[in-house]
Amino acid sequence: MNTIFIPHLLKAPKHTLYWDFKQSFRDLPTLTPVRGELWVTHRGNFLEVRAKAETIVTLTCDRCLNQYNQRLALDDSEIILLDSKANLPGIPGEEKEVNLEEMEEALSPQGHFEPESWIYEQLCLSLPVQQNCGADCAGSRLLKDSENGDLAPDNTEVKVDARWSALADLKKQFGTNGH
């Protein structure tokens, strides 16, 4: 997908460009290429951007550090204002006061829109904040065992992963039982 010079959108049928794409993104490691559709429509004083895409990513579980695969689906849209003051170069290092009303995405009407960057950003925003491999996660079981005093139901000692030993020592030092 090439960068779009925004005034050229006005010459497209219905002021809309459409892509059916299948591609990989250098900074987003995926098992399968990202497949999807993208529409960019010029609506006078704003751009309407819509996309549907999906892929499979390999993530690392926050609890057990094992890798697992997860389907990543995107069905999103965004309004990007066209503002002649947008993207004006400032003095490097100069602070600029921004009102809350200005806290929105804006591009110059004579500027460019980068569809590939937009899709990449939306996919990154779709990644789960907490990455958990599932209900059978070894890290979840170890955490529950640790919270229960490191004892199994038959009151025998449970083998705790060495990574949790510092927490177990602290709990013993303060005499807490996980609450």
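How many bridges join strand β5 (residues 67–82) to β6, and in which direction do the two strands run? Two bridges join them, and the strands run parallel.

This is a predicted model, in which local features need pLDDT of at least 70 and side-chain atom pairs count only at pLDDT 80 or more, while totals for chains, interfaces and linings use all residues. Residues are numbered from 1 along each chain as its sequence is written, and side-chain values use heavy atoms, with hydrogens and water left out.

View 1. Five strands form an open sheet in the order β2-β3-β4-β5-β6, with mixed pairing (strands are DSSP runs of E of at least two residues, helices runs of H or I of at least four, both numbered from the N terminus; two strands pair if DSSP finds at least two bridges between them). Because β2 (16–23) and β6 (106–107) stand at the edges, each with a single partner strand, one side of each is left without a neighbour in the sheet.

**View 2. Helix α1 on the sheet.** Helix α1 (residues 115–126) packs on the sheet and touches β2, β3 (34–42), β4 (46–60) and β5, contact meaning heavy atoms within 4.5 Å. The direction of α1 makes about 125° with that of β5 (axes are lines fitted to C-alpha atoms, for helices over the stretch in contact, and angles run from 0 to 180 degrees between N-to-C directions).

View 3. Leucine 81 stands opposite alanine 106 in β6.
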